[in-house]
Amino acid sequence: MSKAPTHHDDEDAPRRKRRGTSVMAWVLLAMIVGGFGGFGVQTFGGGQSAIGTVGDQEITVNDYARGIQQQVSALSQQFGVPMTVEQVRAFGLDRQVLSGLVSRAALDNEAGRIGLSVGDAVVAAELAGNNSFHGVSGSFDRETYRQTLKMNNMSEADYEAAIRADVARSLLQGAVSGGLVTPDALTGAIFDWAAEKRGFTLLRLTEADLATPLPEATEADLQAWYDAHLADYTRPEAKRIQYVSLLPADLAPTIEITEDAVKAAYDARKDQYSVPEKRLVERLVFGSDDEAKAAMARIEGGETFESLVAERNLTLEDIDLGDVTKADLGEAGDAVFALTGPGVVGPLPSSLGPALFRMNAILAAQETTLDEARAALTEELRLDAARREISARMEEIDDLLAGGATLEDLAKEEGLKLSSTDYAPGAADNDPITQSAAFRKEAEALGEGDFPAAIGLEDGGIVAMQLIETVPPAPRPL
């Protein structure tokens with residue numbers, strides 16, 4: 001747990017002694033800074049801000065400097081004399097500090113990866129329990145907290161982030177060191193659920209299996225069914241909504257895209273349009289060349305590849321490499337790609353040892369030319385440009401609505417499309433625009449007298465709507 005730096009005045013010590021101690025502290029700090037070259041931080045004070053990373057976590061020069069300083073101060077107090085750089089190195093403090101920082105960064109990286117953190121209430125409790133931040137009343141004092149951090153060149157945000165990280169590290173360390181034993185009842189239930197299987201026979205009956213074909217339904221039959229199930233064909237209460245929209249699909253056809261833009265987009269996705277030849281490959285790895293050679297001899301003698309896999313207590317899924325390129329196979333690539341049809345080759349080297357490779361299919365290289373991709377790329381670039389243009393106009397449209405412009409005004413003067421729809425939550429026959437979650441959310445919250453406002457849709461479009469009336473439930477016409 002990070003501790004806030006504390007400052008204790010020794011009332012029994014003479015002022016002169018304290019002043020000397022202060023001067024000595026500055027001398028020690030200068031020695032530490034000057035000695036960082038000996039600790040492997042050659043660019044301390046220069047442009048380098050980190051001495052390494054663990055995953056996404058940086059180990060900064062300042063962290064290293066602070067760790068060295070704390071260790072030097074502790075040893076100096078323990079021995080009663082200032083420590084020299086040579087003594088610090090002799091004690092191995094530089095390696096201890098670096099090792100601790102690496103361990104801490106590893107824990108921070110793992111906590112970040114799994115989303116482990118603590119809330120503000122925990123941070124507040126940690127602050128309240130730190131005596132360094134207590135005022136004259138004996139409890140946490142905001143001004144004392146601020147001044148203490150200021151004297152130690154720390155911001156509130158940095159210190160509270162450090163507390164949050166420390167608590168998360170403690171939780172993670174506790175979970176790792178303490179271990180978690182899953183109850184037998186839970187592991188048994190999970191295993192049974194994952195491993196159990198069902199065997200069944202399916203017999204599908206269709207109208208063609210009937211001895212006598214079904215007669216065609218008459219108009220009277222349809223009317224009778226409709227009348228008997230009228231509730232099933234009744235549309236629920238709906239909101240009749242008038243709205244204006246500016247959608248990328250509507251605006252895109254008016255946007256011109258240059259040939260240079262299309263060519264640049266094609267070049268940027270060259271890997272997508274130029275797919276190299278691949279093979280569907282399985283790899284069976286052995287412990288030695290002799291074992292692999294013996295296995296290959298058995299295949300050449302008539303045994304199947306599947307029998308060798310089963311003999312190793314493996315399945316074909318266990319050894320499947322999927323579709324791979326020649327480069328993916330490394331040293332085995334040339335031999336595998338030399339096959340002109342399905343077959344087994346080996347022994348060949350692999351990253352796991354000598355192996356036999358079975359090639360099951362050839363996937364030809366695919367080359368999409370610029371001419372073939374031009375139409376799709378142009379449409380995509382138009383939609384992207386339309387989204388940017390709509391985004392740039394959203395504030396303007398919102399301002400016009402706030403200034404009193406009606407939906408009809410926007411349609412007439414700003415080029416938006418005026419439409420209306422009867423929207424009923426969950427109805428299967430709602431208009432296509434209601435597939436937008438943003439549209440549905442706004443429509444469901446819309447009430448009588450609400451003023452329209454510009455709403456962004458997931459596809460980059462804009463709508464503004466107002467309620468016209470509520471439409472009562474009504475049967476759909478037969």
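Two strands count as paired if DSSP finds at least two bridges between them. Helices (H or I, at least four residues) and strands (E, at least two) are DSSP runs, numbered from the N terminus.

**Before you start**

This is a predicted model, in which local features need pLDDT of at least 70, side-chain atom pairs count only at pLDDT 80 or more, and totals for chains, interfaces and linings use all residues. Residues are numbered from 1 along each chain as its sequence is written, and side-chain values use heavy atoms, with hydrogens and water left out.

Colour by pLDDT, the predictor's confidence in each residue, from 0 to 100. The protein's mean is 83, and 89% of its residues reach 70 or more. Now select residues 1–46: the pLDDT there is below 50. Beyond near neighbours in sequence, this stretch has 50 contacts in the model. Contact means heavy atoms within 4.5 Å.

**Stop 1: the sheet**

Select β6 (residues 278–285) and β9 (residues 355–363). They pair in the antiparallel sense over 8 bridges. Pick Arg283: its bridge partner in β9 is Phe357.

**Stop 2: Thr325**

Go to the loop between β7 and α16 (333–338), where Thr325 is found. Is Thr325 buried or exposed? At 14% relative accessibility, Thr325 counts as buried. Buried means under 20% relative accessible area, exposed over 50%, partly exposed in between (1.4 Å probe, protein chains only). Not counting residues up to four places away in sequence, Thr325 touches Pro276, Glu277, Lys278 and Phe337.

**Stop 3: helix α19**

Select α19 (residues 437–445). Its buried residues are Ala438, Phe439 and Ala443. Seen down the axis of α19, they fall within an arc of 130°, so they line one face of the helix. The arc is that of the directions from the helix axis to the C-beta atoms. Show β4 (238–246), β11 (417–423), β12 (455–456) and β13 (462–471): the buried residues of α19 pack against these strands. Turn to the other side of α19, where Lys441 and Ala445 are exposed.

Finish at the N-terminal end of α19, capped by Ser436. A side-chain oxygen of Ser436 lies 3.3 Å from the backbone nitrogen of Ala438.

Methods: A polar contact is a pair of N or O atoms within 3.5 Å; within protein, one must be able to donate a hydrogen and the other to accept it, and residues adjacent in sequence count only if both atoms are side-chain atoms.
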